[in-house]
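Trainee: I'm new to this one. Can you walk me through a few spots?
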Amino acid sequence: MTQIWEYSPAPESRDIANLKPNYRMFVDGQFVEGEGEPLKTVNPSTEEVLAEVSTASSADVDRAVKAARRAYDKVWGRMPGSERAKYLFRIARLIQERGRELAVLESLDNGKPIKESRDVDVPTAAAHFFYHAGWADKLDFAGYGPDPKPLGVAGQVIPWNFPLLMLAWKIAPALACGNTVVLKPAETTPLTALVFAEICQQAGLPAGVVNILPGAGDVGAEIVNHAGTDKIAFTGSTEVGKLIQRSLAGTGKKLTLELGGKAANIVFDDAPVDQAVEGIVNGIFFNQGHVCCAGSRLLVQESIAEEVMEKLRYRVSTLRIGDALDKNTDIGAINSQEQLARIRELTASGEAEGADRWTSSCPLPDKGFFFAPTVFSNVHQAMRIAREEIFGPVLSVLTFRTPDEAVAKANNTPYGLSAGIWTEKGSRILWMSQKLRAGVVWANTFNRFDPTAPFGGYQESGFGREGGRAGLEAYLDV
């Protein structure tokens, strides 16, 4: 007799988030009302309104940039690196101390499972501030000359898939290098960025060094095009990245873009299949597939394709979908109704173009923006599901016979953010990693992030690197 294990709900208390009915933007060290139209941020798991958030107008952006410039000229830009490091270290410690609060708030606002917010997002965000605190007084030894200078005011625009972590990726290196920041969080996920502003106050960060301006794309455009910003860092869609690049052409502003992806996860016939299946699941279903570097194209060597698909379908059928605050939840909610509609449209195109769709029979909650994990087989390279970024829990499976064919299919994309290789042969890993046009190549693992390792893409996945020694260059005048 087969034992059926039922998981009792294990919800984290939402009270830990200290959710407030209203949040204000953060300018020049103070929380102030924005002149823009207030927005309501929604819990994707329940569709309930969480809070009302004030947004920035064009005048607010101007005020924030001027505050950042004053802070750069008078305090932060001339402060010794050893002193800047102390502030970054305090921020890192405060993120740790308020980690449970931040994790619950992130899951409420974003829809991702609490175990991911708690075990990945918050600890890695703190790690970025710890790591960059260590660099603040060692920039002379980073390989960019004997006396590298900061750029000035950095305008930063981040996406909704990793709100706190993307903030840390942007703000930590900017501050370590001596720059000040005007940052716009995503319209649908502004709350942890505004709690981070509280942390800046707690850490005693000088007024104007960090400014947080919630709002929609128009606020981001104001920051990008403001004459007072010296550098722009953007993470988001390729379409918006192209618009930013066009608008900044000829301005002399420094620019880094981390855009979309359609990563290949390549499994050879000598791979440890059970380990590879776990890596495939992590590669595409982590954070509901809301990951730029998600392994959304699975390339399996033909001789083991049947075995891999059988084990993969079984493993996916065990994933639990539901309330983001339940510690048993594997897959949370899609971030918004708009994103859910896009996922549905692209999966419908996969069926229409002849791919074989398998969707987990897991029960979906009655309320909220949920999409069951889906695997397409018999996929051809011309299909939309093999070419376009779905940004959801949808996997497209192709097969190959030889390593050369695997490389050709993996590189048959306008993107180039990441790739995965599963094989026991070290020589094949090294050979493949040289052939794949991807900024990050994982070997026998996937979705491993570390602040010491640079991350970024090629082609339509953007340019520039974030993290590691290489990531410092984006915030230095070199």
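Mentor: A term to start: a polar contact is a pair of N or O atoms within 3.5 Å; within protein, one must be able to donate a hydrogen and the other to accept it, and residues adjacent in sequence count only if both atoms are side-chain atoms. The model is predicted, so local features need pLDDT of at least 70, side-chain atom pairs count only at pLDDT 80 or more, and totals for chains, interfaces and linings use all residues. Residues are numbered from 1 along each chain as its sequence is written, and side-chain values use heavy atoms, leaving out hydrogens and water.

Trainee: Which backbone nitrogen does the side chain of Asp270 reach?
Mentor: That of Glu424, at 3.4 Å. The Asp270 side chain also has a polar contact of 3.3 Å with the side chain of Arg428.

Trainee: Where is Asp270 found?
Mentor: In the loop between strand 11 (264–267) and helix 9 (273–285). Helices (H or I, at least four residues) and strands (E, at least two) are DSSP runs, numbered from the N terminus.

Trainee: Is Asp270 buried or exposed?
Mentor: Buried, because its relative accessible area is 15%. Buried means under 20%, exposed over 50%, partly exposed in between (1.4 Å probe, protein chains only).

Trainee: New topic. What about Val308?
Mentor: Val308 lies in helix 10 (residues 305–317). Val308 is buried, with a relative accessible area of 1%. Val308 and Ala59 are 56 Å apart in space, C-alpha to C-alpha, and 249 residues apart in sequence.

Trainee: And where does Glu187 lie?
Mentor: In the loop between strand 7 (180–184) and helix 6 (191–202). Glu187 counts as partly exposed because its relative accessibility is 42%.
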